[in-house]
Amino acid sequence: MRRMIASLAWLAVLACTAGSATAQEPAMRDTIRYRLSWKNPASQLYTVEVTAATSGEPVVFSLPAWRPGRYILQNYAANVQAVRAFDAEGRPLRVEWVDLDSWRVDPDGASEVTLAYEWTASTLDAGSSLLLPDVAYFNPVNLLPWVEGRMDRPARLTLGLPDDWPVATQLQRGPGGDFVAADYHDLVDAPTIAAPDLVRWDFHHDDVPYHVVFRVVSGELDLGDYTQEGILADIEAIAREQTAMFGGAPYDEYWFLYQLVPHPFGHAVEHAASSSYVLHDVVFQSERGYHGFLGITAHELFHVWNVKRIRPAALWPYDYSEPQLTRLHWFTEGVTSYYDNLTLARTGLLTEEEYYAALAGNIQSLDDSPGRHVTSASLASLTSWHSGYGAGNPNQSISFYTKGALIGLLLDLTIRDATDGARSLDDVMRGLWERYYLEDRGVPEDGVQQMAEEVSGRPLADFFAAYVHGTEELPYEESLAVVGLTARQVADTSRPAATLGLTVRRQGDDWTVTNVLPASPALAAGVLRGDVLVAVDGSALEETGLPAVLAEHEPDEEVTVTIRRHGEISDLTATLAGGRDLRWEVVPVESPDERQLRHRQSWLAASTGRAGGGGGR
């Protein structure tokens, strides 16, 4: 509704000037000119200037309230200060806020107007913006407004940077060294890093240039036992597999933008011809870290097709002013999560055993989420806008990434089974690409189910009702049997069997209860979120934490749970439950038949030959 405030204000003006629209049109076909600079980087304030021609009527500028790739309201205008406007001669013009993130400028006879403001840039994650003395990183969608009614006009961006700072961005250089974009959507889809110490590697695949850029926040780029040549070979293997699956790359060049920070962190965002990452700088110091690096790289590259182009109709085109609701993020994000590790398995960057372990990890993660009993994958997609990806009641929320990845696995195996291996989820992806993206339209809410039914030749209403829109437990055993695998729970000696059914977090010297699970001993005993867990049967948590204390007890044992609530100590009685010493594993069945082996081989085979990376070494 926020757009309505500005729109109604000028309804009468538009009605009065409709007869002269033809005469005004040539004047309105202008390039929107942007300039981004700063005075003192220590202030972490970008100076944003936007210039647009005017035919004499007021001009409305608006900032996005959210960004593609993160489906929550983020209200970027909260970072704005010192709003002003002026004409080409610098004459001040009247400007006013007309809603939470829009400004109206009265041209007062000027042929063009400039809106200017300062924008606070103090956050480093892949979707935010940061300004420091040694780096300018920004997502244009955070801080560059569009001109109402002219989102489709070409844009030009001038950066006020030191001359010796290289720039990494998917934006194209135009005349005079400025950056140019076909329209506002292209402009704001381009994360940009400018810094004096960028490390850049390049490679080509199928005559398409790829650029791999690193910025290390502290120290220098440390590859451990890995090498530049090996890492590039592995990234190229990922690109080779995914472009082969879709029949080619839909971009002229591609940028991987990695920023490495000296603390645990992991965040990435997809774009049409680039991806941006903020990762812990130890990613090259262990095999596990490196697999994570490759996995998130494969995830964001796959988004080039799934969500950037194969996009829900609700997001076609983007409306940055308000939520665009879809129940398909289990597909846009979750199925992309299915393909990230599958890409690594198909290229040989993960062994089959490592891939099965990754599948088991997803099953375990969903199994540890009580929200799976009450929230479906499609509902989690829809409600991301108010749940904040898990904010609120943790017993109600699920990750549509995790459950969507498992649904993707089961759907893939269901299609392979129905067609005796002739078709797969790969065909669904290609079918959506051809029917929707190549026809310049978005995927309707039932489009994935329709395409899956066409590809499989089987009605899938029950599958979608139970597992996508419903909360039934996923049939791992039945589906994995198609490729001769089984999912089972086995003993995990690293975990105590007894459980209270709660989670705690260390805060100073205290262990604070962060969640109490439904139907748990802790809930029955009256433990509340926010309580401080002091001891169990007299054993203080201290440094060792809850697992070490529970290891001293057995399921069905009655214990005294000592808590502190509002400064007062209380003793509660709980009967411990069991089952926490189990973990999921995915392993081959003992005697697979020929059909199972054939389907497994096809499932894990590269899209063209054997992609084979360099192992990073």
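Predicted model: local features only at pLDDT ≥ 70, side-chain atom pairs only at ≥ 80, totals over all residues.
The space in the largest pocket comes to about 1100 Å³. Its lining is made up of 32 residues, and those nearest the centre of the largest pocket are G266, G292, G295, I296 and D340. Helix α7 gives the most, with 9 residues in the lining of the largest pocket. Sorted by class, the lining of the largest pocket holds 14 polar, 11 nonpolar and 7 charged residues.

The second largest pocket has a volume of about 900 Å³. Here 35 residues form the lining, and D368, T499, G501, L517 and R580 lie nearest the centre of the second largest pocket. At least two lining residues come from each of α9 (352–367), β22 (502–507) and α18 (546–550). By class, the second largest pocket is lined by 16 nonpolar, 14 polar and 5 charged residues.

**Cavities**

The structure also holds 3 cavities of 30 Å³ or more. The largest cavity has a volume of about 70 Å³. Which residues line the largest cavity? They are S337, Y338, D340, N341, Y355, A358, L359, N362, A405 and L406. Helices α8, α9 and α12 each supply at least two residues of this lining. The lining of the largest cavity divides by class into 6 nonpolar, 3 polar and 1 charged. D340 is listed among the lining residues of the largest cavity, and D340 is also one of the residues nearest the centre of the largest pocket.

The table sets out the volumes and lining classes of these spaces.

| Space | Volume | Lining by class |
|---|---|---|
| Largest pocket | about 1100 Å³ | 11 nonpolar, 14 polar, 7 charged residues |
| Second largest pocket | about 900 Å³ | 16 nonpolar, 14 polar, 5 charged residues |
| Largest cavity | about 70 Å³ | 6 nonpolar, 3 polar, 1 charged residues |

**Aromatic rings**

The count of aromatic pairs in the model comes to 46. One of these pairs is F256 with Y258: the ring centres are 6.3 Å apart and the planes meet at 5°, so the pair is stacked. Are F256 and Y258 buried or exposed? Both residues are buried.

R311 lies over the face of Y318, at 4.1 Å from the ring centre.

**Backbone features in loops**

W316 and P317 are joined by a cis peptide bond, with omega at about -5°. P317 is located in the loop between α7 and α8.

Two aspartates have a positive phi although neither is a glycine. For D440 the phi value is about 60°, and for D556 it is about 75°. D440 belongs to the loop between α13 (425–437) and α14 (447–456). D440 has a relative accessible area of 58%, so D440 is exposed. D556 belongs to the loop between α18 and β26 (558–565). With a relative accessible area of 68%, D556 is therefore exposed too. Helix α18, at one end of the loop that holds D556, supplies at least two residues of the lining of the second largest pocket.

**Two further residues**

T169 is part of strand β12, which covers residues 167–169. Why does T169 count as buried? The reason is its relative accessibility of 4%, since buried means under 20%. The side chain of T169 is in polar contact with the side chain of T192, at 2.9 Å.

E477 is part of helix α16, which covers residues 476–480. Its relative accessibility is 45%, so E477 counts as partly exposed. Between E477 and A487 there are 5.8 Å in space, C-alpha to C-alpha, and the two are 10 residues apart in sequence.

Terms used:
Residues numbered from 1 in each chain as written. Heavy atoms only, no water. Phe/Tyr/Trp six-rings, centres within 6.5 Å; stacked < 30°, edge-to-face > 60°. Buried < 20%, exposed > 50% of the residue type's maximum accessible area, 1.4 Å probe, protein only. Lys NZ or Arg CZ within 6 Å of the ring centre and 35° of its normal. 1 Å grid on protein atoms, 1.4 Å probe; cavity = no way out; pocket = protein on both sides within 12 Å on 5 of 7 lines; lining within 4 Å. Points joined across faces, edges and corners; volume = space filled by probe spheres on them. Helix = DSSP H or I, 4+ residues; strand = E, 2+ residues; numbered from the N terminus. Nonpolar A, V, L, I, M, F, W, Y, C, P; charged D, E, K, R; others polar. Polar contact = N/O pair within 3.5 Å; in protein donor to acceptor, adjacent residues only side chain to side chain.
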